[in-house]
Amino acid sequence: MLKKNIIYFSRFYNDPGGNGGDRRTAQICQMLSPLVFTFISMHDNSYALPSCSNVLMSNGTSLLQKVIRSAFKQHVTYYKYNKWSDRYRDNVLYFHSQSRSFIKVIEKLKPSILLVDDPIFLAPVVYYAKSRNIPLVAFCHNLESLSREQVEYKYQKYMFNYELNLLSMCRLVVTISREETFLLKNFGLDPVFYPYYPVSDTVRRFQKVREKRQKAKKSNFLLFGSVGNLPTLDGMKRLLWASTQNNNMGLHNDQLIVTGYGTNMLLNYVTDSRVQIRGQLSDNELDEILAETKGCIIYQENGSGALTKIPELLIAGIPVIINSHAARSHYNLPGVFEFPTFEGLHEQLKAAARDDPMPNALPKPDTVYLHKRMAEIISSI
C-alpha cells in the first residue's frame with residue numbers, strides 16, 4: 001500500500017491555550033495523532049502564504065483603482081463578498097486569499113487526502129480538491145451561515161445553501177454540535193458528531209482548578225470571552241446593558257468580573273460599579289478567579305456550533321449560568337443552569353451558588369466510530 005500524504009489546512013493554530021477554534025483544532029490534532037499528517041495553519045509563515053494581494057494593499061483613491069479593488073474582492077470570494085456582513089466580509093476575503101495561495105502548496109506537496117476547517121471559509125481549496133478528486137474531510141466548527149452577525153440577513157438562505165453545497169463536496173464532515181449534526185443529516189449528509197473535549201494538558205489544568213475550589217471561599221461571578229467572536233461580543237454587550245437596566249440581576253454584594261481578549265473595549269458599556277473589566281489575563285490569573293468564583297455567566301442571542309468553554313468550566317467544577325441559545329449541545333447537564341430570558345437570571349445565579357460544588361459528569365467523547373470512518377477514506381485511495 002502506498003504511503004498516504006495527509007495534509008490538514010486550518011484557519012486556526014494547533015494551540016490548546018488559544019481561542020475556541022485553536023482549542024478545538026488542538027483536540028482534533030490529538031485525535032488524529034495515530035495518523036501521519038502535516039498540519040498547516042494559514043497564519044504560519046513557514047509556507048510563505050501572502051496575507052493579501054497587492055491589489056488590496058494599494059491605497060489608490062481613483063475611481064478605476066476602487067473599481068479594480070471591488071472587482072478583485074468579488075472574484076476572490078466567488079462573488080459573495082457583499083453577501084457577508086460588513087463586519088465580517090474582510091475576514092472572509094483574507095481566508096479566501098490565503099486559501100488561493102495554499103493551492104500552490106497543494107500542487108507542490110500533492111496530498112492524498114485534505115483535511116480542512118469550515119469549507120465556506122476555505123472554498124477555493126474545496127473547489128480545487130474536488131476538481132482534482134482529492135478526498136476532503138471537513139471539521140465543521142460552525143455552520144457559519146447560521147450566525148446572523150456574519151451574513152447579510154437578506155442573503156442568509158442563499159448563503160446557507162452555498163455552505164451546504166460546499167459541505168456536500170466533502171467525503172466526511174465532522175461536527176461539534178448536536179443540533180448541526182441533526183440538521184445536516186436531514187439534508188442528506190452523513191456527518192459524525194464529535195463533541196469538544198479539551199486535550200489532556202488542559203484537562204489536568206482544569207482539574208487542578210476543581211481541587212482548589214473544594215477549599216476556596218466563593219465570591220463574585222465571571223463573564224469571559226473573546227471580542228473577536230461576533231456572537232460572543234454582542235452577547236457580552238447585551239448582558240452588560242441588561243445589568244444596568246435590572247438592579248435585581250442577582251449580584252447583590254458580588255461583583256461581575258469581565259475578562260478575555262479585547263474586553264477592555266467594553267468599558268463604555270459599564271455603568272454599574274459592581275462590574276469590573278479586567279481585560280485579558282494570563283492562564284494563572286484566570287485560574288485564580290475560576291477557583292473562587294460562584295459561577296460563570298454565558299450569554300449569546302444567536303450563533304452556531306457549540307461553545308468550547310462549557311466543557312472546560314464543567315471539568316473545573318464551575319457552575320455555568322447560561323441562556324437557552326448559548327447552551328446548545330449542553331442542555332440538562334449537571335452544572336448547567338439555563339435561563340430562557342433575563343428575568344430568570346436572578347434565580348439561576350442563586351441556584352448555581354447554592355448547588356456548588358458541581359459533580360464531574362462530563363465524559364470524554366468516544367473516537368472509535370470517527371477513526372473507523374477516517375480509516376475507510378484512507379483505505380479507499
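Colleague: In which loop does Asn133 lie?
Modeller: This is a predicted model, in which local features need pLDDT of at least 70 and side-chain atom pairs count only at pLDDT 80 or more, while totals for chains, interfaces and linings use all residues. Residues are numbered from 1 along each chain as its sequence is written, and side-chain values use heavy atoms, with hydrogens and water left out. Helices (H or I, at least four residues) and strands (E, at least two) are DSSP runs numbered from the N terminus. In these terms, Asn133 lies in the loop between α5 and β4.

Colleague: Does Asn133 count as buried or exposed?
Modeller: Asn133 has a phi near 60°, a positive value in a residue other than glycine. Buried means under 20% relative accessible area, exposed means over 50%, and partly exposed lies in between, with a 1.4 Å probe and protein chains only. Because its relative accessibility is 68%, Asn133 counts as exposed.

Colleague: What phi does Tyr79 have?
Modeller: Tyr79 lies in the loop between α3 and α4, and with a relative accessible area of 54% the residue is exposed. Although Tyr79 is not a glycine, its phi is positive, at about 60°.

Colleague: How far does helix α3 reach from its first C-alpha to its last?
Modeller: Helix α3 covers residues 63–76, which makes 14 residues. The expected span of a helix is 1.5 Å times one less than its number of residues. For α3 the expected value is 20 Å, and the helix comes close to this, reaching 20 Å.

Colleague: How far apart in space are Ile68 and Leu256, C-alpha to C-alpha?
Modeller: Ile68 has its place in helix α3, where the buried residues are Arg69, Gln74 and Val76. Ile68 itself is partly exposed, because its relative accessible area is 43%. In sequence Ile68 and Leu256 are 188 residues apart, and in space, C-alpha to C-alpha, their separation is 49 Å.

Colleague: Which residues of the largest nonpolar core touch the most other members?
Modeller: A nonpolar core is a set of buried Ala, Val, Leu, Ile, Met, Phe, Trp, Tyr and Cys residues joined through side-chain atoms within 4.5 Å. In soluble globular proteins, nonpolar side chains tend to be buried together. The largest core here has 40 residues, and those that touch the most other members are Trp84, Phe102, Leu114 and Phe121.

Colleague: Which residues does Leu114 touch, not counting those up to four places away in sequence?
Modeller: Contact means heavy atoms within 4.5 Å. With residues up to four places away in sequence left out, Leu114 touches Ile7, Phe102, Ile106, Val125, Ala129, Ile134, Pro135, Leu136 and Val137.

Colleague: How many aromatic pairs does a search of the whole structure find?
Modeller: Rings of Phe, Tyr and Trp (its six-membered ring) pair if their centres lie within 6.5 Å; planes under 30 degrees apart count as stacked, over 60 as edge-to-face and the rest as tilted. Ring pairs link Trp84, Tyr88, Tyr94, Phe95 and Phe121 into a cluster. Over the whole structure, the number of aromatic pairs found is 13.

Colleague: Why is the pair of Trp84 and Tyr88 tilted?
Modeller: Both Trp84 and Tyr88 are buried, and their ring centres are 6.3 Å apart. The pair is tilted because the planes of the two rings stand at 40°.

Colleague: How many residues apart are Tyr299 and Phe342?
Modeller: Both Tyr299 and Phe342 are buried, and their rings form a stacked pair, because the centres are 4.6 Å apart and the planes stand at 20°. Tyr299 is in the loop between β10 (295–298) and α11 (309–315), while Phe342 is in the loop between β12 (336–339) and α12 (345–355).

Colleague: Which side chain is joined to that of Asp254 by a polar contact of 2.8 Å?
Modeller: Asp254 is found in the loop between α9 (230–245) and β8 (256–259), and with a relative accessible area of 10% the residue is buried. A polar contact is a pair of N or O atoms within 3.5 Å; within protein, one must be able to donate a hydrogen and the other to accept it, and residues adjacent in sequence count only if both atoms are side-chain atoms. A polar atom of the Asp254 side chain lies 3.0 Å from the backbone nitrogen of Asn220. The side chain joined to that of Asp254 at 2.8 Å belongs to Lys294.
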